[in-house]
Amino acid sequence: MMLLKVENLTKKYGTNLVLDRINLEIPKGEVCAILGPSGCGKSTFLRCINGLESIQGGKIFFEELQIAGENVKTKWSQVRQKIGMVFQNYELFPHLSVLENIILAPMKVQKRKREEATEEALGLLSRVGLEDKKNMYPRSLSGGQKQRVAIVRSLCMHPQMMLFDEVTASLDPEMVKEVLEVIRELANEGMTMLLVTHEMKFAENVADKIVFFDNGKIAEIATPQEFFKNPKTQRAKRFLSVFEF
């Protein structure tokens, strides 16, 4: 089943063309790593998929239903329950405890009972090694812990697809591993994912498909083995030359 389909997606800020006729298909269960230099449109692409940015051309389909494009009126609050997104800067509410951060949306948006949401939240926190942090506030957590809480918060909404936008970019090196391990587990369980990252080794090991962005366009789509061992474009070769493998 093709879970996500993007056709000729175009995004502009004024006269600045950020995304230029992007075409991409993501089948259910696929892990797609989106790579490319800073400023090439990777994060904007994820935000368009989740309705956080409007688009100026093209179409986006999820489960064969068009969710973005001309004359399409979408209830994004419903779509975002199916397409979870985790950001670089966590987006946790500082005045709420870890547990309250996680169960807020299931209770308010999905109208689930507190007891049910709490039970699931505690199970997910235990899975990522943070059940003992349930009553703590975000200010008391490390960056890696905050990011794992953000992932749990999204998972508690039962999404069918997860979008990860440079979730390790602001973490200290020793904290990166603990976050990537959670994402690796999700991949092993068959979660459909779009992953914007600069963690090249991780992308090579976890992704089913590599999509290389450059200057607002998709310059190359390949398997990890093809991309990292024999990239087709000169731009991809230059990009990879700065990383050690």
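Trainee: Is E220 buried or exposed, and which side chain of opposite charge is nearest?

Mentor: Keep in mind that this is a predicted model. E220 is buried, and the nearest side chain of opposite charge is K232, 4.6 Å away. A salt bridge needs a side-chain nitrogen within 4 Å of a carboxyl oxygen, so E220 has no salt bridge.

Trainee: What does the side chain of E220 reach, then?

Mentor: Look at the backbone too. The side chain of E220 comes to 2.7 Å from the backbone nitrogen of K232.

Trainee: Where does E220 sit, and which residues is it in contact with?

Mentor: E220 belongs to strand β10, residues 217–222. Setting aside neighbours within four places in sequence, its contacts include I210, V211, F212, F227 and P231, along with K232.

Trainee: Now the sheet. What is the strand order in the open sheet of four strands?

Mentor: Read across the strands: β2-β1-β4-β5, with antiparallel pairing. β2 (16–27) and β5 (65–68) each have a single partner strand, so they stand at the edges with one side left without a neighbour in the sheet. From one strand to the next, the twist averages 25°.

Trainee: How many bridges join β1 and β4?

Mentor: Five bridges, in the antiparallel sense, link β1 (residues 2–13) with β4 (residues 57–62).

Trainee: Which strands does helix α1 touch?

Mentor: Helix α1 (residues 42–49) packs on the sheet and touches β1, β2, β4 and β5. The direction of α1 makes about 115° with that of β1.

How values were computed: Residues numbered from 1 in each chain as written. Predicted model: local features only at pLDDT ≥ 70, side-chain atom pairs only at ≥ 80, totals over all residues. Heavy atoms only, no water. Helix = DSSP H or I, 4+ residues; strand = E, 2+ residues; numbered from the N terminus. Buried < 20%, exposed > 50% of the residue type's maximum accessible area, 1.4 Å probe, protein only. Lys, Arg positive; Asp, Glu negative; His and termini not counted. Polar contact = N/O pair within 3.5 Å; in protein donor to acceptor, adjacent residues only side chain to side chain. Contact = heavy atoms within 4.5 Å. Pairing = 2+ DSSP bridges. Axes fitted to C-alpha atoms, helices over the stretch in contact; angles between N-to-C directions.
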